[in-house]
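Here is a short briefing on the chains, their helix packing and their contacts. Please view the structure first.

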Amino acid sequence: MTDVVFDVQQVTYRYTADVTALNGVSLTIPRGRRVAIMGANGSGKSTLLRILDGLYFPTSGQALAFGEVLSEEHFQDDTFAFAFRRRVALVFQNPDVQLFNPTVFDEVAFGPLQMRWPKDEIRRKVADMLDLMQITHLKDRSPHRLSGGEKKRVALASVLILDPEVLLMDEPTAALDPRSQSQVVDFLVGWGGGAKTVITTTHDLDIVEEIADDAFIFQGGLIVAEGTPAVLLRDEDLLRRTNLIHSHRHAHADGQLHAHPHRHVGHDHE
Amino acid sequence: MTMGEIRRAAPTRRRRKSFVERTIIGLAEAMEQSLYAEELAHTDGLLQKIDPRVKVVGMLALLVAAALSHTIGVILGLFAGALLLARLSQVPLRTLVGRIWVPVLLFTGVLALPAIFTTPGQPIAHLPLLGWAITAQGVSGATYLITRVETAATFSLLLILCTPWTHVLKALRVLQVPVVGVVILGMTYRYIFLMLQIARDMFESRQSRMVGRLTGPDQRRLAGASVGVLLSKSFTLSNDIYMAMQSRGFRGEVYTLDEFVMRRSDWLALAGFALVAGAAVIVDFRF
Amino acid sequence: MHIPDGYLSPSTCAALYAASAPFWYVAFRKITRLLSTRLVPLLSVFAAFSFVIMMFNLPLPGGTTGHAVGMAVSTIVLGPWGSILAISVALLIQALFFGDGGITAFGANCFNMAIVGSLVAYVAYRMIAGRAAISSPRRVVAAAVAGYLAINVAALLTAIEFGIQPMLFHDVSGAPLYAPYPLNIAIPAMMLGHVTIAGLAELVVSGGVVAYLQRSEPGLLKITAPGAVGEGDAEVVQRGGWRVARPLLILVAVMMILSPLGLVAAGTAWGEWSPEDFGNAQARQEIQAGSGNVAPPAAVPPGLAQVAGVWNAVLPDYDPFQSGDVNIQRIGYVISALVGGGLILLSFLLIGWVAGRMGRG
């Protein structure tokens, strides 16, 4: 068993001939680490997550998971595909994309049904998971009848039911109210007791220290910095250069314009 | 020119509204209606207790019986049956009147009215002044149409109101609709609400930015662009949903959990539906 | 346009379900092959899209508003087969959960709007757009005409389905059991609204959407624009366009002729009419037709009656075979209506073609 979960080597990804999302990215993610990937919108961090989840495939370079290459051909193989899908889970930024089933119950049961678990086992595990995430009362609700925080919990339940080893989270706190944000952060801090690998993309700098041991900063499809969150977050110049903070200009009572570095907390840049 | 359209168009008569406002009202009403149906589906009534598969098959049988009938008495009998079912299922009369009876009368009634003059047959009365002949066949024809449409619409509304839509979906499996069809229907229904929301937000933000009234051509350009924006959002959405499905192990084939269990009361209900529908057809042939 | 339950006889509904089935089957096969595993999400989202645009209240010239079905829009973006499925799913959801359009009439509604509507839109769009560049104004005209034509052909079919009801289905006294108006009233009454308001709604939304997509998402227009100028070998495609369009056009024509004939046959089989009564009603109708009006004391507005009168003049007595036999008369009646419908269709196609010529310059 290797201790490296993901090994990304010189990966480039182009949407079209002129739109390059990743431009030669290399990184290694060891088992059991909690990693934050920071960057402004369009820095390529969401694209990287989709490559790590085997949804996009590199235009050049290669990405390995558990020592195996993530390629379109490899995913044709059912055995590999099912094993991978079970071990790696992605929570999308937009819960409306992730919650495509008619009810919360169906949503949580979707993954196990695709894995063709026995139906009785599915019913039992779904019930347990709904309890664990405290969403049993929402069981028969349609996703469009849920609040933002509830949607996030359902989305988490729907991937955690497969008991993945690796959790990929795309902007988990975006567009959530403060209470739901802290619930998500608490969950990420507590989940797996250190045995699981968690990769989170975010531009919410306030949560990074809590949810990550290592951090990368992306800009323009490249890694521009890596280190511990504590070190990176102290480098105000770096953060300003990568658009993670920006000088915020506003008029004061005396009519003078005043600029100071400004963090965007609790709201979305989109 | 459907009942729904008439419902949606109704409030606009009072005061001239821009097409944006009217569309927002229509979208909001569609969302409210389904919310109401979901609430009613969870109350404790007769129809609510019956297995959805039995309900779908049973209501369909009653619908077909109403469609087959050659006798106004039989249609009225089925209508009375529908009323009784509504009563036992705690569907308020107000809902039936507001959502079915009045709109149907407004649309089908008005449409059927000239038929009492144009249908050839036995004259039974003449309009004063104009001297137009009302024929017996014309009156029967209009009565057939109105009672039949009212009865059929009442049955289908009862089905919709007393069954959570997810159950109606799964019940379609007994009508041999393939699993993939059921899954597509479910997903469509789910994303209708997201698209309604997107469309509504889009229109509302447009409206807040609009100063004064738009000219006709500008309005049309706006309408075309709105549909276009929605269309390109649909593409992105469907791609992302596809990835979310793949990520959780979707390989093209879909599996669902069917949880319905037929109890004795369900078999009884099925027999009841069959009895009523069968009786209607037999009585109809006798007369 | 959405036919509710109760307007069509069960046998008409069954016949139209049967007519729709092969199209659904072929569309499903073709789309599954094309999209493979993407089928489910793509179709679902586009059916939802179709549903939502049917709710848009569109501003029309003259200050009114109307609803569109979006047949041309979905056909242009998804191709005819994808459009058939997406609109069918949207119609099913409308019928099942929102009470718009009947459940027994679902097959009829799909046949008129989803199937024939999409195919007509496709043929018209391909014919008029030719191999014009994706950004050409000709494509906007083509889309607008395609939408206008599609909704009008769908309305015509609906009118024919309504119009054959009193002929085939009445009780012992001769009272119509379902839709009460014969073809000579149903067709003009239905077409009046669709040639104007509903047709315009479809025209506005189809043209407008293509104009918008040309500016911001030209990629979405590519499916139904093979070989548009600047997209590859033009000559091959010009032939290709016709190769695809012609069989579809023939298919639509054949279906138009077959489906009402099928209904006549079904009516006979079901035995829901008796020849004596029919002869009676028919005789009365002939007297009325002879006197130059629908029914002497008609409640239809004068303008409408006039249209109906013109109709009578074009197709005298509804009996092209000049035969006294009731059955032949009945068939002749249907054929007359179809010829009339075909003439309308043809003149629309001609207008579209001329507009396309002008749009090219």
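**Chain A: burial and fold**

Of the 270 residues of chain A, 44% count as buried, meaning that 20 or more other C-beta atoms lie within 10 Å of the residue's own, while 12 or fewer makes a residue exposed and counts in between make it partly exposed, with C-beta atoms placed from the backbone. This is a predicted model, in which local features need pLDDT of at least 70, side-chain atom pairs count only at pLDDT 80 or more, and totals for chains, interfaces and linings use all residues. Residues are numbered from 1 along each chain as its sequence is written, chains are lettered from A and ligands numbered from 1 in the order in which they are written.

- Chain A holds 11 helices and 12 strands; helices (H or I, at least four residues) and strands (E, at least two) are DSSP runs, numbered from the N terminus.
- A compact globule of 270 residues would have a radius of gyration near 18 Å, and the 20 Å of chain A agrees with that. The radius is taken over C-alpha atoms, and the globule rule is 2.2 Å times the number of residues to the power 0.38.
- The C-alpha trace of chain A spans about 70 × 45 × 35 Å along its principal axes.
- Among contacts in chain A with a separation of 6 or more, 65% join residues 24 or more positions apart. Contact means C-beta atoms, placed from the backbone, within 7 Å.

**Helix packing**

- Two packed helices are described by the angle between their axes and the distance between the axes.
- In chain A, the axes of helix 5 (residues 104–114) and helix 7 (residues 148–160) come within 7 Å and cross at roughly 30°. Helix 5 of chain A is therefore roughly parallel to helix 7 of chain A.
- Axes are lines fitted to C-alpha atoms, for helices over the stretch in contact, and angles run from 0 to 180 degrees between N-to-C directions. Angles under 35 degrees count as roughly parallel, over 145 as roughly antiparallel, 65 to 115 as roughly perpendicular and the rest as oblique.
- Helix 5 of chain A contributes residues including Val104(A), Val108(A) and Phe110(A), and helix 7 of chain A contributes residues including Val154(A) and Ala157(A).
- In chain B, the axes of helix 10 (residues 179–209) and helix 11 (residues 216–247) come within 11 Å and cross at roughly 140°. That makes helix 10 of chain B oblique to helix 11 of chain B.
- Among the residues in this contact are Met195(B), Ile198(B) and Phe203(B) of helix 10 and Leu222(B), Val229(B) and Leu230(B) of helix 11 of chain B.

**Chain contacts**

- The contact between chains A and B takes 30 residues from chain A and 24 residues from chain B. Helix 5 of chain A gives the most to the chain A side, with five residues.
- The contact of chain B with chain C takes 77 residues from chain B and 75 residues from chain C. Helix 11 of chain B provides the largest share of the chain B side, 19 residues.

**Tyr36(B)**

- Tyr36(B) is found in helix 2 (residues 19–41) of chain B.
- With 13 C-beta neighbours inside 10 Å, Tyr36(B) counts as partly exposed.
- The C-alpha atoms of Tyr36(B) and Glu204(B) are separated by 24 Å, and the two residues are 168 residues apart along the chain.

Methods: Two residues are in contact if their C-beta atoms, placed from the backbone, lie within 7 Å.
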